[in-house]
Amino acid sequence: MSQAIQFDAKRLPPEAEALRGEVRAFLAEEIAAGIFDPHDPNSESRFNREFSQRVGARGWIGMTWPKHYGGQERSYLERYVVNEELLLARAPTRAHFTADRQSGPVLMRFASESIKTHILPRICRGELTFCIGMSEPDSGSDLFAAKTRAEKVAGGWRINGRKLWTSGAHRADYMIGLFRTSAPASDNRRHGLTQFLVPLKTTDGITIRPVINAARRHDFNEVVFEDALLPEDHQLGEVGGAWRQATSELAYERSGSERFLETIHVLIELIRTLGTEPHVRDSAELGKLIAELHTLRRMSISVAGMLADGKEPVVESSIVKDLGTNWEQALPERARNLAALGSLSGAPISKGSREQFEAELAFATVIAPKLTIQGGTREILRGIIARGLGLR
Amino acid sequence: MSKPEQLIIDTATRLFEDMADPQTVNNEDELNWREPLWTELEALGLTRTWVCETYGGAGAGVLNGFEVLRAAGKFAVSLPLAETLMAGWLLEQAGLQLPPSGAMTIASGVSVRLNGDTLAGRADAVPFARDCQYLVVVIPSGVARSAQVVLAAVANCTIVHGENLAGEARDSVDLTGAHPVCVGELPLGIRAQLDAVGAVARSMQMAGALHALLDISVQYAAERVAFERPIGKFQAIQHNLARLAGEFAAANAAANSAAYSLSDISSSEQALFIEIASAKVRTGQAAHEGAMIAHQVHGAIGFTREHVLHRFSHRLWSWRDEYGDENTWASRLGATFATAGADQMWPTLTAI
């Protein structure tokens, strides 16, 4: 079983490193123009359509997609570099991130040709925002308990029900929705779910309400469907085929840098507060954090390499997500203790450094709980890994 | 990117399966399996993969040697394989011919001196010294930062027995009065390189041992029945094994990456340092976490002499302390990043 768990040494190729320089230069210009501030954890929104369009104009959205759909046919490893640089800089990518990472690939595999030619190039230009309609009030981790119904009617589908926790629905042009087209079979509870493309802004019968999160941000939404009608060809893939389609989609979602870099600025500011000659105990704890981070990054790049080779590393990517999210979740607390002990021992820290660190720490502490819940809880991930070990 | 040869991996694995099966070794208290296995390893050139043929080696390359060590870790093989590989490498660095055969061990002899042609001083915790024909020692040469390598016959030294946690020989060797078989000059910086190679060797061994722990624990969970079902059906057990898989995966990735960097002659000093330090830290952490999870899954039976588990867990706890424990490497790694400053963290990590 554990023969299947591979993490070969993988290095980013030279063309990916050249691209890194271009991305950094682009970001420096955007920062200088005041478009965003990489040092502000509290920036209200990382949603900026114009910024996304400029990223798209560089060819950095849908980079790996076929050219006839607006993509650049570049490698997963080049995409990896663009992604990690944008994340580290805290660039406002929310307007295109989901479409690029998973919605576009779903459309490419399962949508009609007409939808693909109409929508994919627009995603690549940074013109379209997508959200993911999977969770409901009574089904989050238990994906297959979804109840929102899609009934076949003349000319299309009629949707009734509710989605919940739908991040960014209030700004999205489209949702990729998971709806029930038939009752689960007694021997197969995964049966009966189908994926659909939902035009959120132009479909009647859809009401979106905000759900403010514990960090006081509007990210989550409730999306209510009341006899909302979708055209026939907005069904994606096979009727009842969602369980199979969703599994591979989740591999894409699982193992990128976004799964371990969400609190990284706490580490950067911690280094600043420690100064250039920290006590050996502080150096050791810092060194462990660095070793863990470096290893996570190597694992993540290794998975990107597997994706580039056309593999579907479901277990490896679940492992990276589990290790990564637990690491980024634990980081603020470890940094907090290190900084506090340094302060108690009278180590000199500049006031500016301290304030910046405190700001990052406050933000990271408050968002920490969601890191092992979003996009697949720790418990679900460990179940997937256990299945990969042959235990389920 | 160069890759290790599957044939070498398969050969070493089959050899260990046939001649060093951990349960069989564990059952027999004597050590009769060791000599025949060593003879086979030598015959296949697996003890000399890091030395080119000119100097009496097998010339099979860096990655292949590390793969053999990973396989040895997977079988908890208690032989001076890593030591002989490293000793051979050191002799070649000094332009010295390897002895035609025989197990070699290795020591960093900080307090050993060569006066004329007589040695003086002691090296401690030398792996398998009592089982080896030769000892290779790196000694200061009297010129700042440079070193010499000395090949000595173990028979000419005085040994005091010592053991690591796994009961493997870690002997004290007094070289006083011994005459070297040969002496050579080493390039600058070799002592640090030896620590680096040793750290990656142990990282690979630990990655192999963790792989074994994962396989053994998964199999146990599938077979052991409690409350009318295999215990692997319980979520708590599944999640613990998922964590063990994660620790194994991290160790594997870290060790692979460090070995790759060592094998790539274009690797910068900084890249090597970060890869090796990270590997030794991460595999050392995984060693402990993994050992504890494996024991927990096995319950009481895993805490017996009779069960094979201790062969792995005790080696993991020993190996993590050799060639620099996690704290040693982490403090150096952290100091480097602190000195370079916060704004260099990301550029540094992405430059390697």
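Reader: What percentage of the 392 residues in chain A is buried?

Author: This is a predicted model, and its values are computed from the atoms. A residue counts as buried when its relative accessible area is under 20%. For the 392 residues of chain A, the buried part comes to 57%.

Reader: What radius of gyration does chain A have, and what would a compact globule have?

Author: Chain A has 392 residues, and a compact globule with that number would have a radius of gyration near 21 Å. The C-alpha atoms of chain A fill a box of roughly 75 × 50 × 40 Å along the principal axes. The radius of gyration of chain A agrees with the globule value, at 22 Å.

Reader: How many helices and strands are there in chain B, and why does chain B count as compact?

Author: Chain B has 11 helices and 11 strands. For its 352 residues the globule rule gives 20 Å, and chain B is close to that value, so chain B is as compact as a globular protein of that length. The radius of gyration of chain B is 21 Å.

Reader: How far apart do the centres of the positive and negative side chains lie in chain B?

Author: Chain B carries 24 positive side chains and 38 negative ones. In chain A the numbers are 51 positive and 50 negative, with the two centres 2 Å apart. For chain B the distance between the centres is 5 Å.

Reader: Which elements of chain A do the buried residues of helix H5(A) pack against?

Author: Helix H5(A) covers residues 113-124 and reaches 16 Å from its first C-alpha to its last, close to the 16 Å expected. Its buried residues include Ile115(A), Ile119(A), Leu120(A) and Ile123(A). They pack against helix H2, helix H4, strand E1, strand E4 and strand E5 of chain A.

Reader: Which residue with a positive phi follows H5(A)?

Author: Helix H5 of chain A has 12 residues. The phi of the residue in question is near 75°. That residue is Gly126(A).

Reader: Is Ser278(B) buried or exposed, and which residues does it touch?

Author: Ser278(B) lies in helix H8 of chain B, which spans residues 269-298. Its relative accessible area is 1%, and the cut-off for buried is under 20%, so Ser278(B) is buried. Not counting residues up to four places away in sequence, Ser278(B) touches Ala291(A), His294(A), Thr295(A) and Leu333(B).

Reader: How far apart in space are Ser278(B) and Pro80(B)?

Author: In sequence, Ser278(B) and Pro80(B) are 198 residues apart. The distance in space is taken from C-alpha to C-alpha. That distance is 25 Å.

Reader: Where does Arg216(A) lie, and is it buried or exposed?

Author: Most residues other than glycine have a negative phi. Arg216(A) has a positive phi, near 65°. Arg216(A) is in the loop between strand E6 and strand E7 of chain A. With a relative accessible area of 75%, Arg216(A) is exposed.

Reader: What is the relative accessibility of Glu228(B)?

Author: Glu228(B) sits in the loop between strand E10 and strand E11 of chain B. Its phi is positive, near 65°. A residue is exposed when its relative accessible area is over 50%. Glu228(B) counts as exposed because its relative accessibility is 80%.

Key:
Residues are numbered from 1 along each chain as its sequence is written. Chains are lettered from A and ligands numbered from 1 in the order in which they are written. This is a predicted model: local features need pLDDT of at least 70, side-chain atom pairs count only at pLDDT 80 or more; totals for chains, interfaces and linings use all residues. Side-chain values use heavy atoms; hydrogens and water are left out. The radius of gyration is taken over C-alpha atoms; the globule rule is 2.2 Å times the number of residues to the power 0.38. Buried means under 20% relative accessible area, exposed over 50%, partly exposed in between (1.4 Å probe, protein chains only). Lys and Arg count as positive and Asp and Glu as negative; His and the chain ends are not counted. The place of a charge is taken as NZ of Lys, CZ of Arg, CG of Asp or CD of Glu. Helices (H or I, at least four residues) and strands (E, at least two) are DSSP runs, numbered from the N terminus. The expected span of a helix is 1.5 Å times one less than its number of residues. Contact means heavy atoms within 4.5 Å.
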